[in-house]
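Shall we walk through a few of its features together?

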Amino acid sequence: LDQEFISNLPVVTRNWSNFVLLTPNVVQDGGSGLVSFHGISGLYNQNYVDGANNNQMLFSEARGRASGAPYIYSADSIKEFQSEASNYSVEFGQAAGGQVNAITKSGTNAIHGDMFYSLRYPTLNALDPYTKWQALHNTPNPVVAGFLLTQPVHQQQQFGGSVGGPILKDRLFYFFTYDGFRKVGKALYTDSNTLSLTSSGTTSSTTTVTPTQCPATITATQCTNAITFLINQSTAAPSRFQKQNLFFPRLDAHLNSKNDVFVDFNFVDYDSTYGYSPAVTFSNSSPSTNGPTSYHERYIVGGWTMQIGKASVNNFHGQYGRDLETAGAYASGPSVATGVVTFGMPNALPRVAEPDEHRIQLSDVFSTTKGNHTFKFGGDVNIVHEVMINLFQGGGIYSYSGSTPLLNFQSWVQDAFAGQP
């Protein structure tokens, strides 16, 4: 796809790589956010930008990940990209599925620029009539009703622009993009069990928790406090805020009729509250089981194209990149699964670095044409250094293996007040 298509075709998040779905036999890979070529897992695809490897080694996805940052290269920076499902050129590979190769924009002898602003706002989007009726007439819980009466995406803004032109006419050119992303929404936490401070009386339900179900070994006050705590943990609609800033400068130099070089730098910072678990709704869980996430992407990529004689070309590319992903925690350990609601720091948090990935890549391809035949020779060196700082289950776990939520609640509440008068 060329620059005109990328600029004008609609795409919900301005993520240029979503256009790969226009390729035959390419579909969404389930709900992962990845894409599948010919039914092959999205983890087997390869992503290149300006000839440099744009994949993350740890999760085997394009940098930024499908479940993380909305995008790490602005659509305003992409000149064109090519999608291939088989018969790759000799300098590509490392993929059993498909590969995407993008080229970024560069400046010219004329100064050109553009600006963009996209807005998604509640007053511009109607609520689903059935959901609205349910919220107004059939949802007694005010937290849930309030969530249903607004869109999960309360507000989304994308804004920025690009400019490019000459520094030295016919010799040296610049290009620069800024891309900002802001998104505000909510996450809804509810409970499928019945939690109430009003005694239910005798019942055969194993999912009802009221003072009637509290064991005789704790006091009435302790019972009330425990149920109140679980209600507050299990029903909430916290706001979720996502923020991203992206900067992309590029320089191109036309040294002479046979030599061209370029260098570009991509800088991305992305932060999200409640981003560790990005789903919109949660059942039998607490906001304390989520956490904030941050992605810090830094890549410098360069290339040198040299024409050798009339029939030969040498292409050299290099990059140094760092991909740092972190996740915090909204609560301390342990993780507690009461059978009614789970709360506390989840097993995989905090993630100080998962990963902190540094990549050095050097690649060179020499191609020459002899009659009707083209020959290519070259090599590619990728040095990747991974740092993982994530102590799994570091906060500890309390879990109960009773056959029903009620039995697990009764075990938990006795443990919670053990030794107290």
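Predicted model: local features only at pLDDT ≥ 70, side-chain atom pairs only at ≥ 80, totals over all residues.

Q: At what angle do helix H4 and helix H5 pack?
A: Two packed helices are described by the angle between their axes and the distance between the axes. For helix H4 (residues 220–234) and helix H5 (residues 405–416), the axes are 11 Å apart. The crossing of H4 and H5 is right-handed. The packing angle is about 115 degrees.

Q: Which residues in H5 meet those of H4?
A: The contact of H4 with H5 is made up of seven nonpolar residues, with no polar and no charged ones. From H4 come Ala226, Ile227, Phe229 and Leu230. Their partners in H5 are Phe409, Trp412 and Val413.

Q: Is valine 49 buried or exposed?
A: You can find valine 49 in strand E3 (residues 46–49). Its relative accessible area is 2%. Buried means under 20%, so valine 49 counts as buried.

Q: How far apart in space are valine 49 and alanine 102, C-alpha to C-alpha?
A: Leaving aside neighbours within four places in sequence, valine 49 has contacts that include Trp16, Tyr73 and Ala102. In sequence, valine 49 and alanine 102 are 53 residues apart. In space, their C-alpha to C-alpha distance is 4.7 Å.

Q: How much space lies in the largest cavity?
A: The count comes to one cavity of 30 Å³ or more. Residues lining the largest cavity include Ser335, Met345, Asn347 and Gln393. That lining divides into three nonpolar, six polar and no charged residues. The space in the largest cavity is about 30 Å³.

Note on methods: Residues numbered from 1 in each chain as written. Heavy atoms only, no water. Axes fitted to C-alpha atoms, helices over the stretch in contact; angles between N-to-C directions. Helix = DSSP H or I, 4+ residues; strand = E, 2+ residues; numbered from the N terminus. Left-handed = near helix turned anticlockwise from the far one by under 90°. Contact = heavy atoms within 4.5 Å. Nonpolar A, V, L, I, M, F, W, Y, C, P; charged D, E, K, R; others polar. 1 Å grid on protein atoms, 1.4 Å probe; cavity = no way out; pocket = protein on both sides within 12 Å on 5 of 7 lines; lining within 4 Å. Points joined across faces, edges and corners; volume = space filled by probe spheres on them. Buried < 20%, exposed > 50% of the residue type's maximum accessible area, 1.4 Å probe, protein only.
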